[in-house]
Protein chains: 2
Amino acid sequence: MTIKDIAKLAGVGVSTVSRAINDDPGIALATKKKVLKIVKEYNYIPNNSARNLKMTESNTIALLVRGIDNYFFLEMFGYIQRELESRGYDYLLHAVGEDEDISSIAMELSMEKRLKGLIILGGRMGSKISGLSDLPIPYVLCTVAAKIGQDHPDAATVGIDDEKESAEAVGYLIRSGHKRIAIVAGHEDDPAVGAQRLAGYKRALTENGLEIDESLIGLSKNNIPEFSAENGYQVAKELIQRADFTAIYCISDLMAMGCYKAIAEAGKKIPDDISVIGFDGIDLGRFLHPSLTTMVQPREEMAVSAVELLNELIEENGIKRHITYEAKLLTRDSVRRV
Amino acid sequence: MTIKDIAKLAGVGVSTVSRAINDDPGIALATKKKVLKIVKEYNYIPNNSARNLKMTESNTIALLVRGIDNYFFLEMFGYIQRELESRGYDYLLHAVGEDEDISSIAMELSMEKRLKGLIILGGRMGSKISGLSDLPIPYVLCTVAAKIGQDHPDAATVGIDDEKESAEAVGYLIRSGHKRIAIVAGHEDDPAVGAQRLAGYKRALTENGLEIDESLIGLSKNNIPEFSAENGYQVAKELIQRADFTAIYCISDLMAMGCYKAIAEAGKKIPDDISVIGFDGIDLGRFLHPSLTTMVQPREEMAVSAVELLNELIEENGIKRHITYEAKLLTRDSVRRV
DNA sequence: TTTGTTTACGGAAACGTTTCCAAAGGCAAA
DNA sequence: TTTGCCTTTGGAAACGTTTCCGTAAACAAA
């Protein structure tokens with residue numbers, strides 16, 4: 001069933017059918033109705049490939065996600081998807097492996113599928129961002145450390161200031177009276193989000209006259225997904241063995257979840273023995289016990305903005321903006337005053 | 001940069017370039033090398049739309065997921081993705097909303113994108129399956145209750161016997177000495193997985209001479225995603241208020257997570273006061289405290305089989321098979337002997 | 001040398017759309 | 001009635017591939 005068949009059935013030319021389908025203004029209402037009736041009757045659906053081919057570009061936005069196993073991105077994906085749909089874009093989700101090169105994948109996809117735009121989701125790509133500037137289509141970096149965004153003016157970005165918000169989290173711990181504060185940090189070689197959050201931790205300590213004790217810094221295992229519960233568990237376990245502290249800051253909520261387990265296994269209690277603060281604000285945090293205090297990233301706002309920025313780039317060929325949102329401290333039950 | 005440009009640059013015809021790219025046997029090795037060198041040099045990537053158009057069908061498999069917010073499906077997605085890639089398929093993930101009709105979405109997608117096949121992931125679609133048999137392309141139902149699969153011989157299916165495995169879970173509780181066992185069940189009108197698991201619960205009770213007490217059956221709220229933590233929390237809370245029991249069976253691990261919270265808030269302890277058993281076996285269960293005893297579905301095996309079945313259907317136009325895996329009881333720390 | 005067979009290659013048609021262009025018809029103004 | 005404009009329509013080209021078909025070249029057999 002092609003457009004030709006419909007044209008024949010409706011007794012009109014193919015161009016008329018095309019016009020009817022695409023809400024072209026230059027068609028008489030009566031003709032349009034007649035055609036659409038046939039279309040409906042025969043369940044005709046235009047071939048996307050032919051359409052894309054002719055239009056020389058598709059209507060597709062690709063979503064590149066590194067670390068789809070992270071609940072945070074999953075939630076982001078939900079919002080972005082909704083937003084993309086409401087603007088009439090097609091979309092495609094592509095999960096990027098931990099060790100794959102994001103810019104070459106982006107390049108390949110964009111040529112192969114003649115994408116209209118690209119949203120890149122996920123941290124862990126600081127230095128590798130540069131390759132992206134060769135991309136022939138607009139793209140926006142979402143959830144990438146604000147600092148990094150500013151260093152790359154040729155990319156539109158939306159995210160938070162990871163260092164600042166990280167310092168905020170640790171600041172809250174300090175204001176609550178904690179002096180020995182451990183951190184479950186990211187991979188050692190992570191040039192982006194993880195590093196920023198670690199920097200924020202250090203800054204908060206020094207600004208508050210506390211010393212930085214290397215034994216309190218737990219770097220993630222390189223062979224385990226960076227922000228995962230498993231990683232949080234492993235790192236926290238080591239930390240508990242080798243150091244004393246009254247509070248621990250996890251750079252992701254999932255890590256905090258693993259941390260909970262490590263603490264329980266060590267026979268300690270949250271928050272009585274150890275206070276825990278997380279980062280991200282995923283829904284699951286509510287259901288931990290005690291419920292997790294965390295810095296929540298405005299997921300929905302970021303998602304909306306990401307699509308908006310991309311849309312600007314596509315429609316108006318606008319300038320590349322950088323939007324930085326604030327995270328918000330959500331105090332629940334996992335931190336205690338000392 | 002099109003195939004014509006490459007042909008000109010390489011001093012050959014377009015068909016030769018096409019042959020070189022597609023590993024066609026009818027081309028001299030030297031020519032092939034020469035062409036591929038140019039291809040590489042100019043970073044040429046064939047236009048997917050043109051290719052699909054000409055081939056009259058794409059190489060794309062669509063993954064339809066209902067309930068992508070469920071961690072279980074996310075993990076399945078990971079495995080399926082890997083499997084699809086290794087067989088050289090393109091794939092596309094489409095999240096289906098709670099209230100959308102899966103068969104009309106499937107139909108639309110399959111026409112629009114000229115899909116090669118379809119994998120449908122997720123429960124909650126018992127009765128609505130029938131519309132699918134009109135699909136012009138092969139598809140497999142994954143993670144759909146085995147009973148339902150058998151009722152629909154025109155669909156290939158892979159899953160577990162939800163009723164049986166559910167009875168297994170409850171049986172374990174009974175063997176551990178529990179007599180008053182509550183259930184956090186699915187939506188009342190759920191015709192598929194949820195209903196099967198509830199049926200298994202009832203069967204286990206009666207087979208073991210226990211009475212079915214309606215006050216111990218907690219149906220999910222219809223306005224909350226069926227298998228979510230939030231739902232588990234709400235339902236368990238009500239259950240605790242209105243009835244006495246020593247064990248509770250949650251038809252998903254995420255629900256069990258919500259259940260943990262409700263129990264803690266009620267001032268009770270797991271497993272001392274209430275034992276909890278979940279279903280699915282998602283990774284996160286390990287990190288709950290106490291770690292969650294659950295029935296684990298063989299996610300990886302199911303994913304591999306799903307792709308395999310689909311591949312059979314596509315390649316060999318084979319018959320529609322039904323594969324039923326066994327779930328495995330994973331005993332951890334959330335159930336106590338009484 | 002001639003003939004036949006095989007191998008390698010180029011040209012062109014076709015896939016199903018969208019869109020440009022030309023033309024036909026209707027209608028208002030003259 | 002004639003002229004001209006505007007609306008509506010149909011035909012055909014073009015998008016970038018794959019593949020069929022024909023042919024040239026190379027080689028083997030006679």
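**Salt bridges between the chains**

A salt bridge is a side-chain nitrogen of Lys or Arg within 4 Å of a carboxyl oxygen of Asp or Glu, and two salt bridges are counted between chain A and chain B. In this predicted model, local features need pLDDT of at least 70 and side-chain atom pairs count only at pLDDT 80 or more, while totals for chains, interfaces and linings use all residues. Residues are numbered from 1 along each chain as its sequence is written, and chains are lettered from A in the order in which they are written.

Arg286(A) forms a salt bridge with Glu230(B), with the closest N and O atoms 2.6 Å apart. On the side of chain A that touches chain B, the residues divide into 22 nonpolar, nine polar and nine charged, where Ala, Val, Leu, Ile, Met, Phe, Trp, Tyr, Cys and Pro count as nonpolar, Asp, Glu, Lys and Arg as charged, and the others, Gly among them, as polar.

**The extent of the interface**

The contact (heavy atoms within 4.5 Å) takes 40 residues from chain A and 40 residues from chain B. The two chains bury about 3,800 Å² between them, 61% of it on carbon and sulfur atoms; this buried area is the accessible area (1.4 Å probe) that two parts lose on being put together, summed over both. In chain A, Ile45(A), Glu112(A) and Phe287(A) lose the most area to chain B, together 17% of what that side buries.

**Helix 10 of chain B**

The 14 residues of helix 10 (residues 229-242) of chain B should span 20 Å at 1.5 Å a residue, and its end C-alpha atoms are 20 Å apart, which agrees; the expected span is 1.5 Å times one less than the number of residues, and helices (H or I, at least four residues) are DSSP runs, numbered from the N terminus.

Key
Side-chain values use heavy atoms; hydrogens and water are left out. Helices (H or I, at least four residues) and strands (E, at least two) are DSSP runs, numbered from the N terminus.
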